[in-house]
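User: Hi! Could you walk me through this model?
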Amino acid sequence: MQSSPLLLEEPIRMSSILEPSKPSFFPAMTKIVGTLGPKSRSVDTISRCLNAGMSVARFDFTWGDPEYHQETLENLRASVKSTKKLCAVMLDTAGPEVQVVNRTDRPISLQEDTLLVLTPDQNKEATSNLLPVNFTGLSKTVKKGDTIFIGKYLFTGSETTSVWLEVSEVNGDDVICLIKNSATLSGSLYTLHVSQIHIDLPSLTDEDKEVIRTWGVRNNIDFLALYTRHAEDVRHAREFISKLGGLKQTQIFAKIENFEGLEHFDEILREADGVIISRGNLGIDLPAEKVFLFQKAAIYKCNMAGKPVVVTRVVDTMTDNLRPTRAEATDVANAVLDGSDAILLGAETLRGLYPVETISTVGKICAEAEKVYNQDLYFKKAVKFVGEPMSHLESIASSAVRAAIKVKASVIICFTSSGRASRLLAKYRPTMPVISVVVPQLKTNQLRWTFTGAFEAKQSLIVRGLFPMLADPRHPAEFTGGTNESILKVALDHGKAFGIIKPHDRVVVFQKVGDSSVVKIIELED
């Protein structure tokens, strides 16, 4: 089965499928991004989420005020301290989101085959026949026959809290629609999405900029999730955050949510630090039979570029249920086999009844899928894609991964200061964990001394297979000669403490010695 992304030993023992999975310190190589909210913001719950496998905490600013999210972040910091598990912070911007405003907060029942008016007049009260929206240009954007979706959470196909509309006519500023399915909208705000239509609003709104300028700077966010339609959106956001001092190192992840992002994907990928495939909105913009195709193509492009890719909306039903559906469990596994770096959980952890169990379940599915991931086939594709001549660092990194697999190393230890070397190792998808030893560098602006390293360490928490540890800043990252035995011993002890390195194991070490990159194979004694 060498041409398949699946690697199975044949004939496979069916009874082995029933054998329980072995527990490990790293639940999976694939990372899990958890959205923190009402059901997952206490210190106890966040601590259990971290222990279950969450490595990135997402703060969704489409709802909640900065004070609320700050309280949650303080609880996250307390949890990190108590569990001794690093966790990165992702700020997710609202972007140009068109919303229906229900100032009464009363549930609104909509009946199939009746007419509904969408109006920009927000002074009007929301009813079963009229909904005010916060966008004055809607009537100039849509035409008869267009499809509009409205819901508090994106449509899954089985819920009754979202509604599909078909535009019947445009009357001045108002849009008159035919309701295609009965639904009850509850709460004060619902998202409005027009299928395959350009909404003339900036990707980074004034509200987004204010949140980044205040909350983002205050908390030195590691990642900024940006609604992205064009490469220019990423360039504009990078220019904005580069002027904010503390966010110069913040990575920008492009959220691909609609047909415009799909059409400009290649240019966006070149500009962004990573990609989030937002399948909720994409599932509305694309025909159902095309969603998988975009997912596979986009993940492949990200893999070949060596940039992390995150998949969303995998276990929607676990918002209310303790177990995923069969289709959802298979969907998670396929995302891993496609090459995803991370799985992003939204409503499942934000408002779901089982946030910890959801993270644990997704982690277990990822770990099982990784066991049958065809690394050999992937490695050949990656090497072929890069072509010749390879850069010096990429050549050594790919060789280190190949050597680690050939000698059946239990772990790869990589010394880095910028994180680039460890990301290159991860690009070739080694079958064993990569301990990324981030060695801080001392810098000065003539007024004060600062250490780098915290950003680099936490930003690897979204990359498949990378597990960072911060080294003692007194040890240099680039050695002028020989091996810095003390820092290597710390890394080995770190691996032994968590049970991933055992006596007689082989370990591959990747480091810089002067101007050269060196790969060493170490066989451990008792």
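User: What should I know before reading it?
Analyst: This is a predicted model, in which local features need pLDDT of at least 70 and side-chain atom pairs count only at pLDDT 80 or more, while totals for chains, interfaces and linings use all residues. Residues are numbered from 1 along each chain as its sequence is written, and side-chain values use heavy atoms, with hydrogens and water left out.

User: What is the mean pLDDT of the protein?
Analyst: The mean is 88, and 88% of the residues reach 70 or more; pLDDT is the predictor's confidence in each residue, from 0 to 100.

User: Which elements have the lowest and highest mean pLDDT?
Analyst: Strand β23 (residues 478–479) is lowest at 46, and helix α7 (residues 265–271) is highest at 98. Helices (H or I, at least four residues) and strands (E, at least two) are DSSP runs, numbered from the N terminus. Over residues 477–483 the pLDDT is below 50, though this stretch has 22 contacts in the model beyond near neighbours in sequence. Contact means heavy atoms within 4.5 Å. Where pLDDT is low, the predicted coordinates should not be read in detail.

User: Okay, on to the barrel. In what order do the eight strands close?
Analyst: The order is β1-β2-β3-β13-β14-β15-β16-β17, with parallel pairing. Two strands pair if DSSP finds at least two bridges between them.

User: How many bridges join β16 to β17?
Analyst: Three bridges join β16 (residues 309–312) to β17 (residues 342–345). Val-311 sits opposite Ile-343 of β17.

User: Which residues of the largest nonpolar core touch the most other members?
Analyst: In this core of 103 residues, they are Met-54, Phe-59, Trp-215, Ile-277, Leu-425, Ile-462 and Phe-510. Helix α12 (residues 355–371) gives the most to the core, seven residues. A nonpolar core is a set of buried Ala, Val, Leu, Ile, Met, Phe, Trp, Tyr and Cys residues joined through side-chain atoms within 4.5 Å. Buried means under 20% relative accessible area, exposed over 50%, and partly exposed in between (1.4 Å probe, protein chains only). A second, separate core has 27 residues, including Leu-118, Val-175, Tyr-190 and Val-194.

User: And what does Ile-277 touch?
Analyst: Leaving out residues up to four places away in sequence, Ile-277 touches, among others, Val-309, Val-310, Val-311 and Thr-312.

User: Back to α12: what do its buried residues pack against?
Analyst: They pack against β1 (31–35), α1 (43–52), β2 (54–60), α10 (326–338), β17 and α11 (347–350). Among the buried residues of α12 are Val-356, Ile-359 and Val-362.

User: Now the backbone. What is the phi of Arg-429?
Analyst: Arg-429 has a positive phi of about 50° although it is not a glycine. Arg-429 lies in the loop between α15 (420–427) and β19 (434–438).

User: Is Arg-429 buried or exposed?
Analyst: Arg-429 is buried, at 6% relative accessible area. Beyond four places in sequence, its contacts include Asp-341, Tyr-373 and Arg-464.

User: How about Lys-408, buried or exposed?
Analyst: Lys-408 is exposed, with 71% relative accessibility. Lys-408 also has a positive phi, about 55°, and is not a glycine.

User: Last one: which peptide bond is cis?
Analyst: The bond from Glu-388 to Pro-389 is cis, with omega near -5°. Pro-389 is in the loop between α13 (375–386) and α14 (392–406).
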